[in-house]
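Welcome, and thanks for taking a look at this model with us. Please have the structure open while you read the notes that follow.

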Amino acid sequence: MTTPSSSPTVDHAPRDPADGRWTPRLVLILIALAWPTQLLAAGGILGANAIAGVAQAFHTTQVVWFGLTLTLVSTLLTPFVIKLGDLYGKRRVMLAMTALGALGELLAALAGSFWLVLAGRAVAGCYGPFGALSFAAVRDVFPARLVKQASGIMGSSVGLVALGSPFLAGWLIDTWGYRGVLWFLAAATAVAFALIALLVPETPRHAFGSRLDWPGGLILGGGLTAVVYALGQGQSWGWADVRTLGWLGAGAAALIAFLFVERSSPHPILDLRVLRRRPVALALTAGGLGQTVAFTMPGLAILLALYPAIPGVSDGLGWTAHHNAVVSVSWNLVMFGTGMLVSRYLRRFDARRVWCVGLAVMALGYTLVGFHHGDELQLIVTSCVANVGAGVVVSVAPVLVIGVVSRDEQGLGSGMLNMLISLFGAVVTAGAYAVLGASSTTVDGTAFYLDAGYSGIFWLGAAVTVVALVLSVFIPRLRDPEESPAGG
């Protein structure tokens, strides 16, 4: 006899009759899930290009909050999104998230003051944790034989986003200013809502007889938010500043308190017992570190491209944004092509070995970038090597999670991976700026970076990748979705 809290998961998700084969319906579902997932990556690139216009339009020195507000709200809400997806079905939660995202970007586009722009971005931050649900939804709605391939395609499509977003950003900003970016994001998020509503079936619930643990969610989300905020502000405040240390201390205290709160909660917001299983802990940590490097390093490389070349003062390349977009086509195509190729044949190989090869190539690539980045040819060749590895990493990382958790735990595993990427991303970015700051010159209050600093950030990326590779060696054999029964 089962109780409500132990009832087995009932699979209400419609299955395609051609189980194990791609059909037009499954292709459309994949597009409907991939569009809003990769819109997050596009939004990051577009938002970064809009910052200068926002600062000039509102004459503010606090423009860092334009991006940070969205990140902090997203971090705070992630634990709740994971649990709500299990309680009520991922499709319903995704629809609510995309609706709020579109509304927030619309408010920001219409805002007449900087603080109203931030209010809109805060609402748009509700859309930020979307990736915590979309990869889990793939496992719920796709035939088991296609889960690896569909997840890999979803992950690798970030290369296509990176390819087109810089050109799109230039066109939008040159034509309509920063508001053009916000209007585009509002419209694109509305399209995401329509795609999910029309094409994505409801997913089964994986938490029966459970409740939402508000105290645990607020403590965890608040703790992570405090740490990310401190790391984001540490470079400008100073790492020994009382504000930096205070926020770090508050975040650490909240995370420690969360461990005790969850132990006594009958309905924990995150079931931390899964982390006691060595394969889960290793896969999430290695996956988080590897994807952090793949996502963070290209953004930091933009500093090298766009900062001016001033002998003895600044060792940037001095490119225009358009020139950087043209040159970066090469390595972004390599990343996208590699990811799609790996996704196509992933079922035939041991995903652990493919993952480790990808990490090794990415580490080698960023080591080479650190040594050779002085002109277009050097940067193209070395970055293409790095992005061969990055293409493997972004396509295989979701498969790592699939291979170490049960279907009922998929949302939890994907959500934890997203939280770790946010946390590791803040740490790596803070470390990169510290490395740059150690090799910089200041002229009229503006910091310019020397070549040793640029080399250092690429070597930092290589070092973090090596750590991920070492951890990955100890991940045991991954379970195939076809071997994993629902709830098993």
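**Aromatic groups and the overall fold**

One aromatic cluster is made up of Phe58, Phe114, Trp115 and Tyr178. Please keep in mind that this is a predicted model. The protein chain holds 16 helices and four strands. Its radius of gyration is 22 Å, close to the 23 Å that the globule rule gives for 488 residues, so the chain is as compact as a globular protein of that length.

**The chain as a whole**

- Taken along the principal axes, the box filled by the C-alpha atoms of the protein chain is roughly 75 × 45 × 45 Å.
- Of the 488 residues in the protein chain, 53% count as buried.
- Among contacts in the protein chain with a separation of 6 or more, 81% come from residues 24 or more positions apart.
- The protein chain exposes about 20,100 Å², and 68% of this area is supplied by carbon and sulfur atoms.

**Aromatic pairs**

- How many aromatic pairs does a search of the whole structure find? The search finds 14.
- Tyr229 and Trp237 have ring centres 5.4 Å apart and planes at 85 degrees, so this pair is edge-to-face; the angle is over the 60 degrees that the edge-to-face class asks for.
- Tyr229 has a relative accessible area of 9% and is therefore buried, the cut-off being under 20%.
- Trp237, at 18% relative accessibility, also counts as buried.

- Helix α7 covers residues 158–176, and Leu168 is found in it.
- Is Leu168 buried or partly exposed? With a relative accessible area of 22%, Leu168 is partly exposed, because buried means under 20% and exposed means over 50%.
- Setting aside neighbours within four places in sequence, Leu168 is in contact with Leu46 and Phe184.
- From Leu168 to Trp459 there are 291 residues in sequence and 30 Å in space, C-alpha to C-alpha.
- Gly177 sits in the loop between α7 and α8, the latter spanning 178–199.
- Gly177 is partly exposed, with a relative accessible area of 22%.
- Gly177 and Val405 are 228 residues apart along the chain, and 45 Å separates their C-alpha atoms.

**Thr78 in helix α2**

- Thr78 has its place in helix α2, which runs over residues 65–88.
- The relative accessible area of Thr78 is 8%, so this residue is buried.
- Which residues does Thr78 touch, not counting those up to four places away in sequence? They are Pro129, Gly415 and Met419.

**Leu303 in helix α11**

- Leu303 belongs to helix α11, residues 278–306.
- With 15% relative accessible area, Leu303 is buried.
- Beyond its neighbours within four places in sequence, Leu303 is in contact with Tyr433, Leu436 and Tyr454.
- The C-alpha atoms of Leu303 and Val443 are 17 Å apart in space, and the two residues are 140 residues apart in sequence.

**Leu317 in the loop between β2 and α12**

- Where is Leu317 placed? Leu317 is in the loop between β2 (314–315) and α12 (321–345).
- Leu317 is buried, because its relative accessible area is 18% and the cut-off for buried is under 20%.
- Apart from neighbours within four places in sequence, Leu317 is in contact with Leu304, Ala305, Tyr307, His373, Gly374, Asp375 and Leu379.
- One of these contacts, Asp375, is 58 residues from Leu317 in sequence, with 7.3 Å between the two C-alpha atoms.

Conventions. Residues numbered from 1 in each chain as written. Predicted model: local features only at pLDDT ≥ 70, side-chain atom pairs only at ≥ 80, totals over all residues. Heavy atoms only, no water. Helix = DSSP H or I, 4+ residues; strand = E, 2+ residues; numbered from the N terminus. Rg over C-alpha atoms; globule rule 2.2 N^0.38 Å. Buried < 20%, exposed > 50% of the residue type's maximum accessible area, 1.4 Å probe, protein only. Contact = heavy atoms within 4.5 Å. Areas by Shrake-Rupley, 256 points an atom, 1.4 Å probe, with all protein chains shown as cover. Phe/Tyr/Trp six-rings, centres within 6.5 Å; stacked < 30°, edge-to-face > 60°.
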